[in-house]
Amino acid sequence: MEQFALVIGESLIDVVGAARLPGGSPMNVAVGLGRLGRPVKLATWFGQDTDGGLIAAHLASSHVGVVPGSDGAAHTSTAQVVFDDAGSASYMFDLEWRLAGLVGDLHPIVVHTGSIAAALQPGADDVLTALRAMRGTATISFDPNVRPQIIGPADDVRPLMDEFVRLADIVKVSDEDLAWLNPGVPPIETARRWAAGENPALVVLTKGAQGVTAIIRGGEYDVAAPAVQVADTVGAGDAFMAGLLHALWGDGLLCDRGLNHISEPALLHALTVATQVAAITLSRPGADPPWSWELESPA
């Protein structure tokens with residue numbers, strides 16, 4: 001049986017000036033995995049309209065399969081994108097999220113979710129139920145990637161985020177997300193608290209130009225961010241997530257709870273691949289993750 005990844009979460013259209021570009025954090029992760037040569041299916045929610053056609057074509061060209069039932073929305077969601085002077089993006093959403101795809105009969109090696117799909121009802125509870133059902137047979141990956149403009153106050157979101165963290169084997173989270181979720185608490189303290197529980201086995205804290213810190217039961221490891229001329233930050237965290245899963249997959253660490261026994265060399269290799277994938281994405285406009293042949297050291 002072919003191994004594949006299942007990504008659950010939103011697809012939408014990023015409206016940047018006159019341009020309409022496929023986006024959405026989970027969709028970007030699926031595209032990143034597909035371009036890196038990993039078989040991947042996406043359970044998402046978009047409409048059978050012009051914008052939905054853009055999403056479907058984008059997924060097909062990046063070798064991402066769509067779970068049946070994912071195109072049942074009345075209209076495809078959008079996000080108006082505005083950039084600051086540093087190239088960082090902010091968003092204004094017109095979005096509905098539901099999990100209507102048929103995921104119950106799927107048997108992936110890894111399931112990834114996060115962002116709006118893990119925080120916006122009515123879909124978020126359905127995602128949580130799906131992860132609980134697959135927890136015993138698949139590695140669970142989670143990235144909060146919070147969008148305060150649409151998911152509500154941190155006090156309301158935090159308990160749900162904690163539920164997803166407890167289910168996950170891998171959590172990737174940015175320092176900005178943790179500062180929003182737990183104001184006044186240093187992000188590294190929250191990351192350490194998450195890593196101290198029974199799950200997750202691996203917590204990766206991304207810190208922009210300051211690189212990343214990975215926390216496993218055996219210790220903490222830092223990897224510097226490569227020097228890169230930043231075009232903008234859209235999709236860079238999602239590209240990192242795809243690169244991390246790609247490298248761990250290549251090292252056989254997504255099977256049989258291998259993350260519980262990950263070695264320092266394997267961890268550092270995965271982080272290096274992930275930072276390279278993110279750096280390439282940062283160097284060009286929009287969520288445009290690399291293909292496998294663009295990497296210096298493919299996993």
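**Exercise 1.** State which order the nine strands of the open sheet follow, and which are the edge strands.

*Solution.* The nine strands of the open sheet run in the order β5-β4-β1-β8-β9-β10-β11-β12-β13, and their pairing is mixed. Strands are DSSP runs of E with at least two residues, helices are runs of H or I with at least four, and both are numbered from the N terminus. Two strands pair if DSSP finds at least two bridges between them. β5 (64–66) and β13 (219–223) each pair on one side only and are the edge strands. From one strand to the next, the twist averages 20 degrees.

The model is predicted: local features need pLDDT of at least 70 and side-chain atom pairs pLDDT 80 or more, whereas totals for chains, interfaces and linings use all residues. Residues are numbered from 1 along each chain as its sequence is written, and side-chain values use heavy atoms, without hydrogens and water.

**Exercise 2.** Determine in which sense β8 and β9 pair, and which helix lies across them.

*Solution.* β8 (residues 110–114) and β9 (residues 139–143) pair in the parallel sense over five bridges. Helix α5 (residues 154–167) lies across β8, β9 and β10 (170–174), at about 145 degrees to β9.

**Exercise 3.** Describe how α1 and α2 are arranged and which residues meet.

*Solution.* The axes of α1 (residues 25–35) and α2 (residues 50–61) come within 9 Å and cross at roughly 30 degrees. The helices are therefore roughly parallel to each other, a term for angles under 35 degrees. Met27, Val31 and Arg35 in α1 meet Ile55, His58 and Leu59 in α2, with contact meaning heavy atoms within 4.5 Å.

Terms used: Axes are lines fitted to C-alpha atoms, for helices over the stretch in contact, and angles run from 0 to 180 degrees between N-to-C directions. Angles under 35 degrees count as roughly parallel, over 145 as roughly antiparallel, 65 to 115 as roughly perpendicular and the rest as oblique.
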